[in-house]
Each structure stands twice: as structure tokens, then as C-alpha cells.
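Let's take a walk through a protein model together.

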Amino acid sequence: MRKILICFFLLVVTLNATAMSPNPNYDAALANRLGADDYGMKNYVLVILKTGSNHTADKAFIDSCFAGHMTNIHRLVELKKLIVAGPLKKNENNYRGIFILNTDSEEEAEVLLQTDPAIKEKLLEAELYKWYGSAALPEYLYESDRVWKTKP
């Protein structure tokens, strides 16, 4: 029994040492610039955009708000506050799209969202969730800007 316990202890120590081994590719300057924790992760705010309570049929008003919505998306990307944005396919939950905001503060997220005309005019409604993801996520924006042919 003692041999089994010793073997088990050695196995656990070996597994823990392997799991805690340092990353040979670790770039401390990059991790620091991106705000990464020891696991290369950080907190964000995930926003689910849903159909809002304003059901106006005024096409000019709707078009104006959604043109402002797109302009605001580009502005927030330039400010490095919006990391991911995109529409969702039609679904039974009336979810329209998602944002991942580069903040860990729901209060800051609310302020950022109120700069969006479609949200401000209640054509869209935002649900906010704390999300823990890769700190490297903002790095994709550089490549993202190099693959579109027609500005979305």
C-alpha cells in the first residue's frame, strides 16, 4: 500500500510540475501590453444585442440609426474598445449580434454602448456579461483590417 501511495504522490507531483511548466514562447512585454494574467487571459464584457423595444416602421429613422451604429462600431474599434462585432443569423431569441468590449467594467461598457444610435434609440437592446478570454484577442484586429475588400 505504501508503494502505491508513493507512486501516486510522485505521479501527482510530476503532473503538477508539467502543468505548471513555463511557456518557452512567453513574451513578457507583449503579455504586459495586453494586460494578460499568468494564464494569458483577461476580463472583457460580452454584449448580446437583441431586438429592442422601439418597433417604429419609419425607414429613414431606422436607416439613419443603423448607419450610425456602423459608424460607431468603427469608432470604437479605432479607440481599441471594441474587439469583436458581428451579426447573428435569425433566431427565436431575437438575438441580433454580439460585441466583445475591451473593458472589464460593466459601467464603462454601458457608457460605450450609449454612443450607439441604434441602442440609444432602443432599436437594439444590450445584455452584458463578464467574459474571461485570451488577452491576445485584440491582436486579431490588425489582420482583420487587412482582409476586407469592401468596408462593412
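A word on the ground rules comes before the tour. This is a predicted model, in which local features need pLDDT of at least 70 and side-chain atom pairs count only at pLDDT 80 or more, while totals for chains, interfaces and linings use all residues. Residues are numbered from 1 along each chain as its sequence is written, and side-chain values use heavy atoms, with hydrogens and water left out.

Start with the layout. The chain has six helices and four strands; here helices (H or I, at least four residues) and strands (E, at least two) are DSSP runs, numbered from the N terminus. Of the 152 residues, 26% count as buried. Buried means under 20% relative accessible area, exposed means over 50%, and partly exposed is in between, using a 1.4 Å probe and protein chains only.

Now find helix α3, residues 59–78. At 1.5 Å a residue, its 20 residues should span 28 Å, and its end C-alpha atoms are 29 Å apart, which agrees. The expected span is 1.5 Å times one less than the number of residues. Which residues of α3 are buried? They are Cys65, Gly68, His69, Asn72, Ile73 and Leu76. Seen down the axis of α3, these buried residues fall within an arc of 150 degrees, so they line one face of the helix. The arc is that of the directions from the helix axis to the C-beta atoms. Turned away from the buried side is a face that carries the exposed residues Lys59, Ala60, Thr71 and Glu78. His74, also in α3, is partly exposed at a relative accessible area of 25%. His74 and Ala85 are eleven residues apart in sequence, and their C-alpha atoms are 9.9 Å apart in space.

Helix α4, residues 106–113, has buried residues too: Ala109, Leu112 and Leu113. Viewed down the axis of α4, they fall within an arc of 95 degrees, so they line one face of the helix. Glu107 and Val111 are exposed on the other side of α4.

Let's turn to the strands. Val47 sits in strand β1 and is buried, with a relative accessible area of 0%. Although Val47 and Phe99 are 52 residues apart in sequence, they are 4.9 Å apart in space, C-alpha to C-alpha. The structure also holds one aromatic pair. The rings of Tyr44 and Trp131 have their centres 5.6 Å apart and their planes at 40 degrees, so the pair is tilted. Rings of Phe, Tyr and Trp (its six-membered ring) pair if their centres lie within 6.5 Å; planes under 30 degrees apart count as stacked, over 60 as edge-to-face and the rest as tilted. This pair links distant parts of the chain, with Tyr44 in strand β1 and Trp131 in strand β4 (residues 124–134), 87 residues apart. Tyr44 is buried, with a relative accessible area of 0%, whereas Trp131 counts as partly exposed at 32% relative accessibility.

Two loop residues deserve a stop. Asn94, in the loop between β2 and β3, has a positive phi of about 60 degrees although it is not a glycine. Lys122, in the loop between α5 (117–120) and β4, has a positive phi of about 65 degrees and is not a glycine either. Asn94 counts as partly exposed at 45% relative accessibility, and Lys122 counts as partly exposed at 48%.

Finally, look for the largest pocket, with a volume of about 1,000 Å³. On a 1 Å grid over the protein atoms alone, a pocket is an open set of points where a 1.4 Å probe fits, with protein on both sides within 12 Å along at least five of seven lines; lining residues have an atom within 4 Å of a point. The volume is the space filled by probe spheres set on the points, which are joined across faces, edges and corners. The pocket is lined by 35 residues, of which Ile73, Val77, Leu82, Tyr140 and Leu141 lie nearest its centre. The largest share of the lining, seven residues, comes from α3. By class, the lining has 21 nonpolar, six polar and eight charged residues. Ala, Val, Leu, Ile, Met, Phe, Trp, Tyr, Cys and Pro count as nonpolar, Asp, Glu, Lys and Arg as charged, and the others, Gly among them, as polar.
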